[in-house]
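Open the model in your viewer and keep the sequence panel beside it. This tour goes from stop to stop, with something to select at each one.

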Amino acid sequence: MPRHKNYFPHGVIPAVILPFHDDLSVDEANFRKHLRDVTSAEGLSAITINAHSTEVASCTFEEQKRVLDIAGSEIGDTVPLVNGIWADGSLEAARLARMATEGGASALLVFPPAPFTLQQSPEMALAHFKRIADATDLPIIVFQYPLATGQGYPSATLERLFDEVPNIRAIKDWTQTVPHHESQIRALQGRARPINVLSTNSAWLLSSLVLGCNGLLSGSGSVIADLQARLFRAVKANDLAEARRLNDRIYPTARVFYADPFVDMHNRMKEALVLLGKLPRAVVRPPLVKISDAEIARIRSALIEAGLLETRTELGRSAA
């Protein structure tokens, strides 16, 4: 049963990372430490596990269940857990949904099935989500990819999903053009049964939030949850000066995390956590590979620019 009943996806929801040992097994002790660290930030609505940021595509069903069990025992009583549903087939997606429901998750984040062009078949999209909804009564967050990827859902398909699958309560919106993003926010949050738009445009988060998103769901929250929560509060309070000040601190991290190749974003976040002294190592599972020393140096510079890491000179002074 969910620990936080009637959770409605909204607000600031960091997606945490998953540490590994050098032998690629899950580092449970440092995962627990990471969970405590992220959730120490004030003003979070939930956290997300078993998602892109936890390298879910490289994790077995049993590992995903263990990740949920650890998160539940470590922080589940204090903050709701959003569990990702990453599966190419609908039967496996429903199995994961049942596991997450029984394991105490409060909401599900459903990724699009990679091999199928559901963009071209609303019936397939509906069948997929209905299969998941039949397996759980938890609220569902639809992960909306950019249409250019071939895995985003056209507006007409989204409307049918919202009308026919009442579990769907929010959308994690990766719409990459401002006019489309804004129109989606206005349309979905203005429905008779509102669908909350959670921004995942972390590379331009301030711009996205001022359009009116009712939340954000971001892997970079594994590193900067506090800054994201403060930015969200500032935008909601219409404090543009404070929002811009916070965005000036967030921008250097976004610049390095979301550089090309985009697929290394969470790899870079792990390296940032090592530089900040919050993880002992930045091991990733194949096919991801460790990034270069030059890129790690750029991440270090960005953390210093963001005021998150002291320079070596300052560190020397403090030690003296």
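Start at Pro287, in the loop between H10 and helix H11 (293-305). This is a predicted model. Select Pro286 along with Pro287: a cis peptide bond joins the two, with omega at about 15°.

For context, most peptide bonds are trans.

Next, select Ser220. Look for Ser220 in the loop between strand E8 (215-218) and helix H8 (221-236). Is Ser220 buried or exposed? Ser220 has a relative accessible area of 3%, and the cut-off for buried is under 20%, so Ser220 counts as buried. Now show side chains. Those of Ser220 and Ser218 make a polar contact at 2.7 Å. Leaving out residues up to four places away in sequence, Ser220 touches Ser202, Gln228, Phe257, Tyr258 and Met269.

Two backbone angles come next. Most residues other than glycine have a negative phi. Select Asn238, in the loop between H8 and H9. Asn238 is not a glycine, yet its phi is positive, about 60°. Asn238 is exposed, and its relative accessible area is 70%.

Then select Glu55. You will find Glu55 in the loop between strand E2 (47-49) and helix H2 (61-75). Glu55 also has a positive phi without being a glycine, here about 55°. What is the relative accessible area of Glu55? The value is 7%, so Glu55 is buried.

Now zoom out and switch to cartoon. The protein has twelve helices and eight strands. A compact globule of 320 residues would have a radius of gyration near 20 Å, and the protein, at 19 Å, agrees with that. Of the 320 residues, 55% are buried.

Show contacts between residues at least 6 apart in sequence. Of these, 71% join residues at least 24 apart.

Finish with the surface. The protein exposes about 13,500 Å², and carbon and sulfur atoms supply 52% of that area.

Key: Residues numbered from 1 in each chain as written. Predicted model: local features only at pLDDT ≥ 70, side-chain atom pairs only at ≥ 80, totals over all residues. Heavy atoms only, no water. Helix = DSSP H or I, 4+ residues; strand = E, 2+ residues; numbered from the N terminus. Rg over C-alpha atoms; globule rule 2.2 N^0.38 Å. Buried < 20%, exposed > 50% of the residue type's maximum accessible area, 1.4 Å probe, protein only. Contact = heavy atoms within 4.5 Å. Areas by Shrake-Rupley, 256 points an atom, 1.4 Å probe, with all protein chains shown as cover. Polar contact = N/O pair within 3.5 Å; in protein donor to acceptor, adjacent residues only side chain to side chain.
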